[in-house]
Structures are given as C-alpha cells and as structure tokens.
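Thanks for making time this morning. Please bring the structure up on your screens, and we'll walk through it together.

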Amino acid sequence: MDKLKLAREFLDSLRLRDGRVAVRADLLADEVEFQTLGKISGREAVLQRMTADDTGRVYREVMWSPPELEGDTVKITGKLPPGAASGGVILVLSFVGERISAIRQQPLYGGTPMPAAPVKLTDELKKLVDNALATRHPMIVAYVDAKGQPILSFRGSTQSFSDDQLAIWVRNS
C-alpha cells in the first residue's frame, strides 16, 4: 500500500466540486477516529465533521502541502491564505491495511491577529466585575514579575473604575 498516494486521494476528495464535497468514504476504516479537541469515532461521524459547511470549511480553503511520510503516519499541512484568522491545520493520518484508521488534527498558528480596538466596558460587564467576589467568581490578573516570570493572581478587590479601566488593590511587599 502507498500511504502517500492514499493521503493524496483523500485530500483530493475534500475539494468542493459542483457545490458539494464528496469525501472518499472507501478510504476510511469503518471505525476511523478523528481527534482534535475531542474525539469522533466511526466513518459516518468523521465524514459529517469533515464535510459540514462550518467545521469542514477549513479543509476546502487551505492550500495543502504534499503529504510527508513520518514513520507509520503521513503528515499533511494545510495553510490558510494571508489575512485569515488562523494559520491553518496539520493532519496526521494513521493507517490500518489499505485505509485511514485515524486522523489527528492540530492547529497551525500564525494567522493575522485582530486589529487593536479600544476597550469599552458595558454596564452589564461592569456589574459582573463589581460583583465577582460576591458571586464567587473572583477576577484573575495575569502579569509578568520583575524577573520576567508570568504570574496569575486572584483579585477579589477588582472593581470597574471607568468605561475603560479596572481598579485593583495592589501592595508592594
């Protein structure tokens, strides 16, 4: 079996043709697994995930690199065009016999960050902040200390100070 050829055929079947996607189900094992943040099992569930308008869109929009053999797996990188919110995806395919038995998806970072915009605390958000401790949801502040180490600190004293500022009690020890 040529794993690289199988991977290329699978990628080719992810393309949009005549307004629809026809993923080659015959290339997937019956109990194929798709794993990203969660796990999906079974051919029909994986096909649904990869062809749906929302979750499958990324596979149709990326520019796929040639598949690379890495031991018993094949790695394929799909990059989104410049200006996209994310960089794309990496798929790692595992095989059993002549079929794909697992698809592991990893995000590819490097998209274009959202442009900076001023912060405006709404009245609803101010109320949530001002009552955070009373509702047992203390605020967490992240900062970098004098040695350059990141610190997370619970702050029960956090209050809204204006439409774009928060106030916290800070002591120097």
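Let's start at valine 58. Keep in mind that this is a predicted model. Beyond its neighbours within four places in sequence, valine 58 is in contact with Leu80 and Val89. Where does valine 58 sit? It lies in helix α3, residues 57-61. Now look across to glutamine 165. That residue is 107 places away from valine 58 along the chain, and the two C-alpha atoms are separated by 37 Å.

Next, the pocket itself. The largest one holds about 190 Å³ of space. Strand β9 provides the largest share, four residues. What classes of residue make up the lining? Six are nonpolar, seven are polar and one is charged.

On to the helices. Take α2, residues 43-51. Its buried residues are Arg43, Val46, Leu47, Arg49 and Met50. Seen down the axis of α2, these fall within an arc of 160 degrees, so they line one face of the helix. Residues three or four places apart in an α-helix point the same way, because there are 3.6 residues a turn. Turn to the other side of α2, and Glu44 and Gln48 are exposed. What covers the buried residues of α2? The cover includes α1, β3 (28-35), β4 (39-41), α3, β8 and β9.

Aspartate 2 caps it, with a side-chain oxygen 3.2 Å from the backbone nitrogen of leucine 4.

Last stop, arginine 136. Find it in the loop between α4 (123-130) and β10 (139-144). Most residues other than glycine have a negative phi. Arginine 136 has a positive one, near 65 degrees. Is arginine 136 buried or exposed? It is exposed, with a relative accessible area of 74%.

That's the tour. Over to you.

Key: Residues numbered from 1 in each chain as written. Predicted model: local features only at pLDDT ≥ 70, side-chain atom pairs only at ≥ 80, totals over all residues. Heavy atoms only, no water. Helix = DSSP H or I, 4+ residues; strand = E, 2+ residues; numbered from the N terminus. Contact = heavy atoms within 4.5 Å. 1 Å grid on protein atoms, 1.4 Å probe; cavity = no way out; pocket = protein on both sides within 12 Å on 5 of 7 lines; lining within 4 Å. Points joined across faces, edges and corners; volume = space filled by probe spheres on them. Nonpolar A, V, L, I, M, F, W, Y, C, P; charged D, E, K, R; others polar. Polar contact = N/O pair within 3.5 Å; in protein donor to acceptor, adjacent residues only side chain to side chain. Buried < 20%, exposed > 50% of the residue type's maximum accessible area, 1.4 Å probe, protein only. Arc of directions from axis to C-beta.
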